[in-house]
Each structure stands twice: as C-alpha cells, then as structure tokens.
Amino acid sequence: MGERSTLKNIILKNRSFFISSHISPDGDSIGSQLALALCLEKLKKNFYIYNQDPVPWRFENFPDIKWVKNSAPSGDFDVIFFLDTANIRRLGTIIKDIELKDKFIVNIDHHISNELFGTVNIIKPDYSSTSEILYELLKPICEIDKDIAQLLYLGICTDTGSFKYPNTRANTFDVSSKLVKIGVDPSAIASRIWFEDRPNRVRLLGDVLRTLEIHNGYTIMYVTRKMLHQNDSNEAETEEFCDYGLTIKGVKVSVLLKERDKGIIKVSLRSKKGTDVNQLAVYFGGGGHKNAAGFEVEGKIEDVISKIQHKIGEII
Ligand code: 5GP
Ligand code: MN
C-alpha cells in the first residue's frame, strides 16, 4: 500500500523526528505520539515529543509518558510529524518554537476538516482515531509490542468513548482485537482511564450538571472559573462532561461552555448519530468531527449561549 511504504521510507531514510499534536492533547494525541516514538526508538532513531499543554492526569501512568514534553526542543529535526491535528492553528504556541519553513512535514489525522498542510498527508476521516490509522502504518515498520499496543488502544478507546460513538466501525474492532491479542487488557486500561478519579472531579461534575438546561432537542451546560477553583480542578478534568447531556432521550446535541481566562469561552459540542455538530463548530471558527467538535470565542457565557441558540436550530 502506497502510504505505508511512503511512511516506511521517510522513517528509514531520516534520523531525527519531531512529534507534536493539538492543544489540550487527548488520549488519541498522547497514544499516537508515544506509539510512534516507541517505534522510532526500536529503529534507533532520535525523537522529541512536544505539545503546548501537559499530558492529562488520566494518562500519566501509561508507558514512557515522560517522553512527552511541554518545553521547546533545542536543535533541528529531519522530519516533523503532526498527529491528530486538523490545522496549524490547533498546534497553539509550539509553532513559535520550531522552524517549519522548508521542513518535511508528515500530517497524519482523522479529522474531516484537516487542511492538508503537510508535505505528506495521510488523512482518513472514516477512522475512529489517529491511533487506529497509525496501527496500520506502523505494523510493517516495527514490531507492535505490548507497550505500543496499549498506547494505540488508549487512543482508540478514548476517541470512541469506549466504543460507543458512531466513529466505531468494524475496522476499529479488528485493530483493537489485534491489540488485545498482543497483550492489551481492556478492563485494566479502562480502569486506569475511568476508575481512578479524584473525588473533586466528581464533585465538579455535580456542579456542572446543576447548570444543565434542556431545550428542544439539545442541552446546554457550563463550567465557570469559580467552579474549577472551588473544586481545586482545571479544564482538562471536564473532558467528557459534555457527553452527559446526550444521555437524555430526545436530545440530539449537547453543548458545554468552559470559561477561560481573558474573556475566552471554549465550547464543546457532542451529537448523536445523524446530527452534524462539525457544521456548527465551523460556523463559529472551530471544527472537529460530525459527532464531536468545538470552538473558542470571546464573550460572556450568557452571550455565547444566546449566539449558539440562534444558530443551533439549523442542525437539529
Ligand atoms: P473537545 O470538545 O473535546 O475539545 O473537542 C472535540 C473535537 O473537536 C476534537 O476532535 C477536537 O479536535 C475538535 N475541536 C475542539 N475545539 C476545536 C477548535 O477550537 N478548533 C478546531 N478546528 N477543532 C476543535
Ligand atoms: Mn483523534
């Protein structure tokens, strides 16, 4: 297959690799970045993994997580990998720290909105996750051992919401099944991700759920800086809170607003099969996938809510 041999040649012919992913990295970012890095390590290549934001606490116990840095590298790289990243803006501040001009960029992603900014672009919007794509790409290049398999499984498991979201396809199970045969223990991974919560995070969820408003076909919730502060928490811990709106019968779209510093509101959107929230996110300058998307705007929570309410009828 063309893409596999292209990637194999790129890896074999070069020595040093920079690997980055989007702001607020998720399980798919971290899983795919580290899986690629462990493969490069087996081939005795040099790599540097650098994201703008830290590894979410949920993933801190995964193999070799220490390789994921938040500080700029020194030196130059032969090849730059961007994983799970729809466009250059989603990389945040890291692009200030690294020279991209005339660089060989490999862009591997599953976002339908990917802007094809690489020298080589391997974009598969029908794949659940970048990790699912990467399994097929890495297999002919290095041995997928148990550590690599766990990391790829982490990416698949988190991006599919534990195989619940509509991006879960037969190939997702085929790849996952192979990872399990290599030695991944699905319930042990699930325990690490989902059953080691901090009590304050669960209390924060309670505060956020109390803001839930149910409208015609959609729900809206929000989290303020004050709620985060009172629970000694941070925005990274609100990941997947948005899903709770969708658990209600008849609700097609769930909206979660997150108050950030300097008057910025981050909005997460989730939808059930058949309703496209990517369209709504793109309208507000963001993007994502059909059933999980997001954007950032300036404004007050109540004003952003009314702007969304004005537009949301078009997709429901
Ligand atoms: P989340 O709500 O978990 O932050 O993001 C859900 C999905 O939407 C992810 O696939 C993410 O990449 C995408 N997304 C979230 N925020 C933005 C944004 O501001 N811009 C773009 N282009 N995509 C976003
Ligand atoms: Mn992803």
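1. A quick term before we start: a polar contact is a pair of N or O atoms within 3.5 Å. Keep that in mind for Ser268, where a side-chain N or O atom sits 2.6 Å from an oxygen atom of ligand 1. One caution for everything below: this is a predicted model.

2. Let's stay with the ligand. Which residues come closest to ligand 1? Of the 14 residues that surround it, the closest are Arg90, His111, Lys266, Ser268 and Arg270. His111 has a polar side-chain atom 3.0 Å from an oxygen atom of ligand 1. Gly294 takes part through its backbone instead: a polar backbone atom of Gly294 is 3.4 Å from an oxygen atom of the ligand.

3. Now for the helices. Two packed helices are described by the angle between their axes and the distance between the axes.

4. Start with H4 (residues 130–138) and H6 (residues 170–182), whose axes come within 10 Å and cross at roughly 60°. H4 and H6 are therefore oblique to each other, and H4 passes H6 in a left-handed crossing. On the H4 side, the contact is made by Glu132, Tyr135 and Glu136; H6 brings Asn171, Thr172, Val175, Lys178 and Leu179. Sort the residues of this contact by class and you get three nonpolar, two polar and three charged.

5. H6 also packs against H5, at an angle of about 150° and with the axes 9 Å apart. Here, too, the crossing is left-handed as H5 passes H6. From H5, the contact uses Lys146, Ala149, Leu152, Tyr153 and Ile156, while H6 supplies Thr172, Val175, Ser176, Leu179, Val180 and Ile182. By class, that makes eight nonpolar, two polar and one charged.

6. Finally, follow H5 (residues 146–159) over to H7 (residues 186–194). How do H5 and H7 lie relative to each other? Their axes come within 11 Å and cross at roughly 65°, and the two helices are therefore roughly perpendicular. This time the crossing is right-handed. H5 makes the contact with Gln150, Tyr153, Leu154, Cys157 and Thr158, and H7 answers with Pro186, Ile189, Arg192 and Ile193. The class count is six nonpolar, two polar and one charged.

Methods
Residues numbered from 1 in each chain as written. Chains lettered and ligands numbered in written order. Predicted model: local features only at pLDDT ≥ 70, side-chain atom pairs only at ≥ 80, totals over all residues. Heavy atoms only, no water. Axes fitted to C-alpha atoms, helices over the stretch in contact; angles between N-to-C directions. Helix = DSSP H or I, 4+ residues; strand = E, 2+ residues; numbered from the N terminus. Parallel < 35°, antiparallel > 145°, perpendicular 65-115°, else oblique. Left-handed = near helix turned anticlockwise from the far one by under 90°. Contact = heavy atoms within 4.5 Å. Nonpolar A, V, L, I, M, F, W, Y, C, P; charged D, E, K, R; others polar. Near = heavy atom within 4 Å. Polar contact = N/O pair within 3.5 Å; in protein donor to acceptor, adjacent residues only side chain to side chain.
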